[in-house]
Amino acid sequence: MTYTIEGETGPWEVVIGLEVHAQVTSQAKLFSGAATAFGAEPNSQVSFVDAGFPGMLPVINAECIAQAVRTGLGLNAEIHLWSRFDRKNYFYADLPQGYQISQYAHPIVGTGAVEVTLADGSTKTIGITRLHLEQDAGKSLHDQHPSKSFIDLNRSGVALMEIVSEPDMRSPEEAGAYLAKLRQIMRYLGTCDGNMDEGSMRADVNVSVRKAGEGFRTRCEVKNVNSIRFVMQAVEAEARRQIEVWESGGTVEQETRLFDTARGVTRSMRSKEDAHDYRYFPDPDLPPLVLEQSWVDQLKASLPELPDQRRARYVAMGLSPYDAHVLTIERETATFFETVARGRDAKVAANWVTGDFFAALNRLKRDISDPPVTAEHLGELLDLLADKTLSGALAKQVFEAMIETGQAPSVIVEERGLRQVTDTGAIEAAVDAIMAANADKVAEYRGGKEKLFGFFVGQTMKAMAGKGNPALVNDVLKQKLGQPAS
Amino acid sequence: MMRPTDLTLAEGLEALDKREISAVELTQAFLDAIERLNPRLNAYITVTGEAALADAAASDARRAKGEARALDGIPLGIKDLFCTEGTRTTAGSNILGGFVPPYESTVSANLKRDGAVFLGKLNLDEFAMGSSNQTSAFGAVENPWSRANDPEKRLVPGGSSGGSAAAVAARLAMGATATDTGGSIRQPAAFCGIAGIKPTYGRCSRWGIVAFASSLDQAGPVARTVEDNAILLRSMAGHDPKDSTSANIPVPDFRAAVGRGVKGLRIGVPAEYRLDGLAPEIAALWDQGLEWLRAEGAEIVPISLPHAKYALPTYYVVAPAEASSNLARYDGVRFGLREKGSDLKDLYERTRARGFGAEVRRRIMIGTYVLSAGYYDAYYLKAQKVRALIRRDFEEAWGKVDAIVTPATPSAAFAMDEKQDDPVTMYLNDVFTVTANLAGLPGLAVPAGLDQQGLPLGLQVIGRAFDEETVFAVGGAIERAAGFTATPRVMA
Amino acid sequence: MSLDAATVRRVANLARLRLEETEVEKLQAELNGILGWIEQLQQVDTDGVEPMAGGAPVEVKLPWREDAVTDGAQAEKVLANAPDREGEYFSVPKVVE
Ligand SMILES: [Mg+2]
Ligand SMILES: [Zn+2]
């Protein structure tokens, strides 16, 4: 069933397309040798090229080209062996050259597609229109001084991949899922760290609304939204605004807007008001970018396993589609799981990782990059379960102890004597003692009060400090109590 | 011996080698000449005398140790479009304000590497946009030559490298760097009776040279002789990884090619260059030049460059378009002039209106217009296609000939008060030179004679891409045959 | 195609060149003179001609640089020519987004 927003005139469908700017993971900038590290002192990572000084010229960074191609391959997109850089001309305080070097007419990557999984388990394919390389701009700080804006050019010239989607999304959830999927793919590939709070990934959100069965109506672009949650909020806020405009008899004007995260509304961008006319033309400083097919093939052959492939492999290993999905969301989680599962029962490993382990992460507010127990230790714990050294209940005790002490499960089992008792003699002794102490209950049981069996199990386990092997305890009790009369 | 400032660059190197003169003496001679004549000619915007003498002393020390380099001790002037580390660079504009580059252009760095001594920064048309050096924010440059029948009439040196050409002609430098986007080396060289070459696009690095039109700009030398040009170009040229359009091919010994002769060479004569209304003196000089070459054993072959007549209008779309973008960085934020403004946009508009002169503003307007929505295809794209046809015309010509010889300019130097009526009249100065820029080919201007007023006239030799050697060979032959010995009235 | 005064003002705005009203007419005439002269390009048959972008006389490819930090730790040099700065920042009149 499709997502709609209820207006006075009935339900409205929402149409969403995303332009995602993803910072390429590289040591140096796209066209200069200045560093890209986040959080450096203002203007401390700026070459004269990045600052648009007279006579300075761009020279492209090979790794940025490779990263764009890897990402294109990860998006199942066509790689263009011939592409070109154009100049996008406009004046802005943090655009030193007075133009952005981008790829307008001939992007390095063409059409592709990604599949997203939604909460209800359904999947949807989102079309990729193109991916191109371009320079990031510098940063303007507007709140440092009453009458001045400050300019820091550290970001100026950093390589970005602009990934443009088709207008294929129909709900905030789909937009969020698409963005999450892009980030997941790029993190698996190592082409973008996806840290949205550091601005490594920003989305321009194109939103329009329409009645069922209509063609597209005018869209607005909400610029530079910097978290998945905000993207989802911005979609809904902008959609509701447009519905109000249409329903109050107005028409939506195509414009760029900003999302006010504090007030949860979008507003028109003043600085971008005056007519866009970017005067794109081929950058005469940069000959065409020509790739060898063999080089692209090498990159393709060296790509890491992507989330979709990995998920499929886990399902083949017998995991439920859901477990396979959660375990592959983060590359680190999948790696953790695979260490735990190596040479062991994959389903048991998946249950422990998605069960007790994830619960522990949430409870302790830790994340997979610094887990409270190592994958190796968790694996050992599963071995102790497998060889019956531990019962399920004991294993949970040991797991908690592992979290507290960081010790290996075997050590904990030894020191605390948590090994379960499988010696029938000891169990029989315990059972005899319980029966002697509860002659009346024994009689009731034998008289037909069958549900008392649980009582005897509990008593025996208690007497054995929980270490009795549950199966053996059952057998011994059944045999000693005999069949209740029926 | 003759006065130091009369020495050609080649003679200067020899005199230094033979210890007939020291680099310090040579440099001092030129600094004295500058002090005496620059107030009139205005060829230099900045004179760096102290640094020059210090560099000259260092050069003498190297030579004493037997470590002299290719250009050691040779006093040169640098067009003020080349960024020079620690020395103010103006591009002939007010908008750069007191800009002092923290870097040295590759071409000037190559010259320093080879031991050259820099006397100062030479005047030019603002951002190299002009053919008379009258658009400079630092005042016009006077041509050291003048008309026999009207010696007081002040003439232009041509442009945009007017300061470079005037300085070399008046012996205020042994040679100079220059740049050529549509004729800015060859036209002023011709107007001032010296030689200058625009090499193949990509031969000299553009890194550190204030950009005018990136797909057309090329640096090159101007000097009194073809041989001096060959010596200078060898030092200036070479692959530069900092310029993505720099050609990664070896630099030959151009000097060796100068005396090679033209026996067996096929020299093309493009019919389209016989403009109706071409001055008879120019036509006669052209025929004379071809006659000299035939006498030296060259074969003269008529050719056609059908699209040559569209070269200037093509240029006046492409060059302003690129310039409008290249000059966007002059916004008063990171360097150069800043005018106060009520907000950032107002600051930009006041800074750029005040900082750029009329011709530069005009070209920025044209360039912005031809790139703007709705006009791109009709103007910019169309011009790029015609440019492709112009390049193709040459490719076809190279099947028939080894070099092409044409006049360098449609007239001799004109007076400062002429050709001011409308911009297009001024643009026509580059009618013979601009095709080489559009096709990316090397073009050399050689002084070949005088008009009736005693003003120098030049011929142009155009060659195949990266075949400057043949160009030098043909230029050398013309130079020898012409035996050009006339000197300007204003001279050290 | 000839420019009207409004177009001259629009282009000047795109180019961030302040135009006094008194300059518009003269500039308009000059630009129309130049553009009229450029019009002759329309006579050239360019059907099927690949536009020439860039100035190279022969086919060239973009050269690649290796991914290494070789530049940029020079805030003082970058800021030295600034007409106005605040500490390690360039500064401009406040921009309202
Ligand atoms: Mg966008
Ligand atoms: Zn973008």
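This is a predicted model: local features need pLDDT of at least 70, side-chain atom pairs count only at pLDDT 80 or more; totals for chains, interfaces and linings use all residues.
A disulfide would require the two sulfur atoms to be within 2.5 Å. Cys192(B) is likewise assigned to the buried class, because its relative accessibility is 1%. Over all chains, the number of disulfides found is zero.

In chain A, Tyr178(A) is located in helix α2, which spans residues 172-189. The relative accessible area of Tyr178(A) is 0%, so the residue is buried. Leaving aside residues up to four places away in sequence, the contacts of Tyr178(A) comprise Leu18(A), Val20(A), Val114(A), Val116(A), Ile126(A), Ile128(A), Ile163(A), Ser165(A) and Met169(A). A further distance was computed to Ile228(A), which is 50 residues from Tyr178(A) along the chain; the C-alpha atoms of the two residues are 9.4 Å apart.

The interface of chain C and chain A was examined next. The size of an interface is often expressed as the accessible area lost when the parts come together. For chain C and chain A, the area buried between them is about 4,100 Å², and 60% of this falls on carbon and sulfur atoms. Chain A contributes 60 residues to the contact and chain C contributes 38 residues.

Polar interactions across this interface were also counted. Between chain C and chain A, 24 residue pairs are in polar contact, with both residues at pLDDT 80 or more. Four salt bridges are found across the interface of the two chains. A salt bridge links Lys61(C) to Glu292(A), with 3.7 Å between the closest N and O atoms.

On the side of chain C that touches chain A, the elements giving two or more residues are α1 (5-14), β1 (64-65), α3 (75-79) and β3 (89-93) of chain C. The element that gives the most to this side is β3(C), with five residues. By residue class, the side of chain C that touches chain A consists of 19 nonpolar, 13 charged and six polar residues.

Note on methods:
Residues are numbered from 1 along each chain as its sequence is written. Chains are lettered from A and ligands numbered from 1 in the order in which they are written. Side-chain values use heavy atoms; hydrogens and water are left out. Helices (H or I, at least four residues) and strands (E, at least two) are DSSP runs, numbered from the N terminus. Buried means under 20% relative accessible area, exposed over 50%, partly exposed in between (1.4 Å probe, protein chains only). Contact means heavy atoms within 4.5 Å. Buried area is the accessible area (1.4 Å probe) that two parts lose on being put together, summed over both. A salt bridge is a side-chain nitrogen of Lys or Arg within 4 Å of a carboxyl oxygen of Asp or Glu. A polar contact is a pair of N or O atoms within 3.5 Å; within protein, one must be able to donate a hydrogen and the other to accept it, and residues adjacent in sequence count only if both atoms are side-chain atoms. Ala, Val, Leu, Ile, Met, Phe, Trp, Tyr, Cys and Pro count as nonpolar, Asp, Glu, Lys and Arg as charged, and the others, Gly among them, as polar.
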